[in-house]
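Please take a guided tour of the structure shown below, with the viewer open. Each stop names a selection and then describes what is found there.

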Amino acid sequence: MTEPAKPEPGAPAAPPPARTPARLARAALRWLVLATVTGCAAGLAAAIFVGLLRLLTHGLLGGLAGFEPATTVAEGGVHGWSGFERPWALPLVTCGGALLASLIVARTAPETAGHGTDAAIDAAHTDPNGMRGRVPAIKTITAGLTLGSGGSGGTEGPIAQIGGALGSILSRRAGLTGTQARTLVMTGLGAGVGAIFQAPLAGALLAAELLFLRGFGWRALPPALPASFVAFGVFGIFLGYGPMFGDVSPAAGFASRDVAAFAVLGVLCGVLGRCYAYALHGVGALTERFTRPPDGARRRAVPGWLPPAAGGLAVGLLGLAVPAVLGPGYGVIQRELDGGALLGMSLWLVLLLPLLKIAATSLSIGTGGSGGVFGPGLVIGAATGAAVWRVAESLGVSTGGPAPFVIVGMAVCLGAIVHAPVGCAVLVLESTRTPELALPIVLAMSLAYLVVGDHTLYCSQRERDEPGAEDVLAALRARARRSRDAVPSAGPPLAAPVPAPEPAGPADPPPPDDGGTCRPERERTRK
């Protein structure tokens, strides 16, 4: 048996194997299996996290402080927040939960501190194969402690990092390259978010949008779609199906005279989105300054557990005056969708709630607490919409209830500041079953984008570095031209001219898959 001939040194490399239908079918089947497994794992993880969070909320806030937060339709019933049976215990509970969570994070997995979505995006860009296997369990426990004790944060951040870590673990097992692993990390992120918000289509879109400041990460969309729907199905087996806030469509009507109010709402959402980013990043920078050891010193100026504990104490004291800032706050959105409940709130509370939620979230998560910043963005936007409606109603220029303003505010405030307008809009419309509000969302989102500019909640987002729709179409046109020019013509073949040798130049950079990473260095983005 003769050995295959080896290529001579300096000979051109062999062309890659042709993409035959059989190879494409095998690749598609492989990705379908990976997406299904990732979706099952993310859906189950989301159900475990939500179940643990409800248990800890009832035990810590309800059992120790005698306080029950407001709930949503998806939680089995709608009721507002209760009073405090033991108000003196609330600051101790919020402080103790944040302290315990920060100690667990410091001793086991420091990468689970703060809001998990940014950590997952950063891992997808820098080391998608490298997220540790302990991350899902540690993030579930620490986020449950922080939010269950009353810390102001969202459930999206934890499940985004959990789902992304599950995708990273599976990518290592499957031997994926860097770019492929990045796709699977974002697939897990989107599947977890789609499950926990019971909005599978939005989860897939967010997997493609959150990776970059501009444009879509198109590679993540095909596997994210089946993964997100599978995760939604698995999550619903344990915690039920249906929109998170119920069917709000009957109360979501609006008139043409509301266009001016929606325009004002868009500008306000852009301003508050920037305030949210400034406050969160400002508190984070201040915390890092005090907890990072000075040059040449062996010890930190302040122990790493102290800022989260102090932030938890401050949020507990603020919660005594304004209980609506405690916890994720999705039940507060549910109350604001009801005109009667909103009119029953103090006018000053309605007007100040967006700023108070920004302050509480910055104190809970900006200091290093484990939670999300995506969910509070929804609460801030909903509270902004409620404030606009309340003012319009008092002036006699409102034509209906607050639901349209609350829903538009949710989508616009969050979508603009995280640079994911399509995914956030679809998430809110799926969560409320109000597709008729798409037009005012587009109007308000356009104005909010002008105000927000390049600022973002997620510092790990980067400029688009993979082909977008225009690039794909241009490549297809170029391929068609090459195929047309390669058609042989009648007559004897002509000898091809010998190309002149190209001058020597610097070698091409290695492809982004080398070493299992996508980017060796981190780009700077505006905060």
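**Aromatic pairs**

At 22% relative accessibility, Phe84 is partly exposed, in a model that is predicted. A search of the whole structure gives seven aromatic pairs. Phe67 and Phe84 form one that is stacked, with 4.8 Å centre to centre and 20 degrees between the planes. The two residues are 17 apart in the chain, and each is in the loop between helix H1 (21–65) and H2.

Next, select Phe232 and Tyr241. Their rings form an edge-to-face pair, 5.4 Å centre to centre, with 65 degrees between the planes. Phe232 has a relative accessible area of 18%; it counts as buried because the cut-off is under 20%.

To end this part, display Phe197, Tyr330 and Phe374 together: these three residues form one aromatic cluster.

Most residues other than glycine have a negative phi. Two stops depart from that pattern.

Select Gln198, in the loop between helix H6 (178–196) and helix H7 (200–209). Its phi is positive, about 55 degrees, although Gln198 is not a glycine. Is Gln198 buried or exposed? With a relative accessible area of 8%, Gln198 is buried.

Move on to His419, which is placed in the loop between helix H15 (403–417) and helix H16 (421–432). Here too the residue is not a glycine, yet phi is positive, at about 60 degrees. His419 is buried, and its relative accessible area is 6%.

**The largest cavity**

Rolling a probe the size of a water molecule over the atoms shows where empty space is left. In this model, two cavities of 30 Å³ or more are counted. The largest has a volume of about 60 Å³.

To bring up its lining, select Thr94, Ala98, Thr146, Ser149, Gly150, Gly151, Pro308, Gly312, Val315 and Ser364. Which helices each supply at least two residues of this lining? They are helix H2 (89–108) and helix H10 (306–321). H10 provides the largest share, three residues.

Finally, colour the lining by class: seven residues are polar, three are nonpolar and none is charged.

Terms used:
Residues numbered from 1 in each chain as written. Predicted model: local features only at pLDDT ≥ 70, side-chain atom pairs only at ≥ 80, totals over all residues. Heavy atoms only, no water. 1 Å grid on protein atoms, 1.4 Å probe; cavity = no way out; pocket = protein on both sides within 12 Å on 5 of 7 lines; lining within 4 Å. Points joined across faces, edges and corners; volume = space filled by probe spheres on them. Helix = DSSP H or I, 4+ residues; strand = E, 2+ residues; numbered from the N terminus. Nonpolar A, V, L, I, M, F, W, Y, C, P; charged D, E, K, R; others polar. Buried < 20%, exposed > 50% of the residue type's maximum accessible area, 1.4 Å probe, protein only. Phe/Tyr/Trp six-rings, centres within 6.5 Å; stacked < 30°, edge-to-face > 60°.
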